[in-house]
Amino acid sequence: MQVPFLSFSPQHHPIREEVLAAMARVYDSQWYVLGQSVTDFEAAYATYNQVTQCVGVANGLDALHLSLIALNIGPGDEVIVPSNTYIATWLAVSFVGATPVPVEPSATTYNLDPDLIEAAITPRTKAIMPVHLYGQACEMTAIMGIARRHNLAVLEDNAQAQGAACDGGLTGSFGQANGTSFYPGKNLGALGDAGAITTNDAEVAKRLRTLRNYGSQKKYYNEVIGYNSRLDEMQAAVLSVKLPYLADWTRQRQMVAALYDEQLAGIGDLQLPSVAAGCTHVYHLYVVRTAQRDSLQQHLTDQSIGTLIHYPVPPHRQQAYADQPMASQQFPIAEELAATSLSLPMWPGMGQEEVQKVVAAIRSYFK
C-alpha cells in the first residue's frame, strides 16, 4: 500500500457534484470577474473568521503584499518576521521596499517567540508579521500586547492555520490586516491560486478593494497605482462549497495528529509537535524532527510513504537574499529546524491503516 503525502480524494469525491454545480452556475452567469460568487464568499469567510471584512485576492502572497501597502508600510520601514517561514512572508515585505527583520522561533512550537520580539524593535519598526506555521496559532495575546506597547501594526500570515485559535480568538482576526491563502493544498483549498485578506477595519478593506482592482473603485477611474489581484469567480464558488466542510475536515486532521502523537511517542530522538498553552493546532502539516531526518525520509520513501521538508532552506540562506545583511547573520534555531524537520502524510480522511503503515515504518527505522 502506498501512502501519499497528500490525497485530495477523501475531500473532493463526496462534494464533487456540489462543486461542479457551483462551477456551472458561474459559467452560466456570464459574469466571471468580481461578481456575486466573490461577494458571497467574502461575506461567508468573514463570518467564519469572526471579522467584519474579507477581501478576496489572487493568491496568498498578494494578500500579504497588498495588506502592507494598505497599512502604509514602505521604503525605510522595518517589519519583524519569523526567521523560519515560507519565503512568501519575507517577499511581501521586500515588495513594498521595507526590510524584513528576522526573529527566531520558539524551539518547541516553531512559531515566532514573543520573548525575542522587543529586542528587535528599532525606531524604524512599523509592523510585526507572525506566521501561524504548520497550522498552530502563534501566541497572539503576547504579540498583540507588544504591538500595543510600541504602537506597531500586526499583519498575520494565516495561510496555514484557518480555524486555529489563541485564547479563543481565531487566527486572522487579531491583526489590522491578515493574509491567507487558498492554494489547493491548504486546509481550505481552491482548485488553483486564490487568497484573501481579513480585517475589522472598514477603511483598510476599502483601500484593499481599490488596490486589487487597478487602483479603481469605479471602472476606468483610477485613484491610485493599483494591481490586478482579484479572487476569481470560479475559485470563489468552489471555496463557498468547501467552507461549510472545513470544521469537520479540521477535526479529521486533529484525529490523525492524535494518532501520530500517541503511537510515535518515545521513539528514538523523534520530536513531535508541541502546542503552546492557550493555542490550538489545525495540522496543515504534521512536522516531526530528528537528527536523522534525511535517512528517515529515504527509509519512508523506500516504504512507498510520501514526505516533504518544510522548509529545507531558511529565507536568510536563500539566494534571493544573498546580498542582504541578514544573509551573514546567524539564526541557529531556524537553521536547525531546516536540517531536522520532516512533514509526515496528513490529510482529512486519512485512514487508520495508512497511519499505521507510517508509524510501523518509522518504528522499524529506529529499531
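Author: Let us begin with Asn72, which sits in the loop between helix 4 (60-70) and strand 2 (78-82); helices (H or I, at least four residues) and strands (E, at least two) are DSSP runs numbered from the N terminus. What you see is a predicted model, in which local features need pLDDT of at least 70 and side-chain atom pairs count only at pLDDT 80 or more, whereas totals for chains, interfaces and linings use all residues. Residues are numbered from 1 along each chain as its sequence is written, and side-chain values use heavy atoms, with hydrogens and water left out.

Reader: What is the phi of Asn72, and is Asn72 buried or exposed?

Author: Asn72 has a positive phi of about 60° although it is not a glycine. Asn72 is exposed, with a relative accessible area of 59%, where buried means under 20%, exposed over 50% and partly exposed in between, for a 1.4 Å probe and protein chains only. Tyr220, too, is not a glycine and has a positive phi, of about 75°; Tyr220 lies in the loop between strand 10 (216-218) and strand 11 (221-222) and is exposed, at 70% relative accessible area.

Reader: Which residues does a cis peptide bond join?

Author: His310 and Tyr311 are joined by a cis peptide bond, with omega at about 5°, and Tyr311 belongs to the loop between helix 11 and helix 12 (332-340). Gln324 has its place in the loop between helix 11 and helix 12 as well, and Gln324 is partly exposed, with a relative accessible area of 33%. The C-alpha atoms of Gln324 and Thr99 are separated by 9.4 Å, while the two residues are 225 residues apart along the chain.

Reader: How are two packed helices described?

Author: Two packed helices are described by the angle between their axes and by the distance between the axes. The axes are lines fitted to C-alpha atoms, for helices over the stretch in contact, and the angles run from 0 to 180 degrees between N-to-C directions. Take helix 11 (residues 293-302) and helix 13 (residues 352-366), which pack at an angle of about 130° with their axes 10 Å apart. Helix 11 is therefore oblique to helix 13, since angles under 35 degrees count as roughly parallel, over 145 as roughly antiparallel, 65 to 115 as roughly perpendicular and the rest as oblique.

Reader: What is the handedness of the crossing of helix 11 and helix 13, and which residues make the contact?

Author: The crossing of helix 11 and helix 13 is right-handed; a crossing is left-handed if the near helix is turned anticlockwise from the far one by less than a right angle, and right-handed if clockwise. Ser295, Leu296, His299 and Leu300 of helix 11 make the contact with Val358, Ala361, Ile362, Ser364, Tyr365 and Phe366 of helix 13, contact meaning heavy atoms within 4.5 Å. Seven of the residues in this contact of helix 11 with helix 13 are nonpolar, three are polar and none is charged; here Ala, Val, Leu, Ile, Met, Phe, Trp, Tyr, Cys and Pro count as nonpolar, Asp, Glu, Lys and Arg as charged, and the others, Gly among them, as polar.

Reader: At what angle do the axes of helix 3 and helix 9 cross?

Author: They cross at roughly 40° and come within 8 Å, which means that helix 3 is oblique to helix 9, and helix 3 passes helix 9 in a left-handed crossing. Gln36, Ser37, Val38 and Phe41 in helix 3 meet Glu233, Ala236, Ala237, Leu239 and Ser240 in helix 9, a contact with five nonpolar, three polar and one charged residues.

Reader: And how is a pair of aromatic rings described?

Author: Such a pair is described by the distance of the centres and the angle of the planes. Rings of Phe, Tyr and Trp (its six-membered ring) pair if their centres lie within 6.5 Å, with planes under 30 degrees apart counted as stacked, over 60 as edge-to-face and the rest as tilted. A search of the whole structure finds 11 aromatic pairs. In one of them, the rings of Tyr45 and Tyr48 have centres 5.7 Å apart and planes at 35°, so the pair is tilted. Both residues lie in helix 3 (residues 36-48), three residues apart, about one turn of the helix. Tyr45 is buried, with a relative accessible area of 0%, whereas Tyr48 is partly exposed, at 22%. The rings of Tyr365 and Phe366, with centres 5.1 Å apart and planes at 90°, form an edge-to-face pair, and Tyr365 counts as buried at 18% relative accessibility.

Reader: Which residues form one aromatic cluster?

Author: One aromatic cluster is formed by Phe41, Tyr45, Tyr48 and Phe182.
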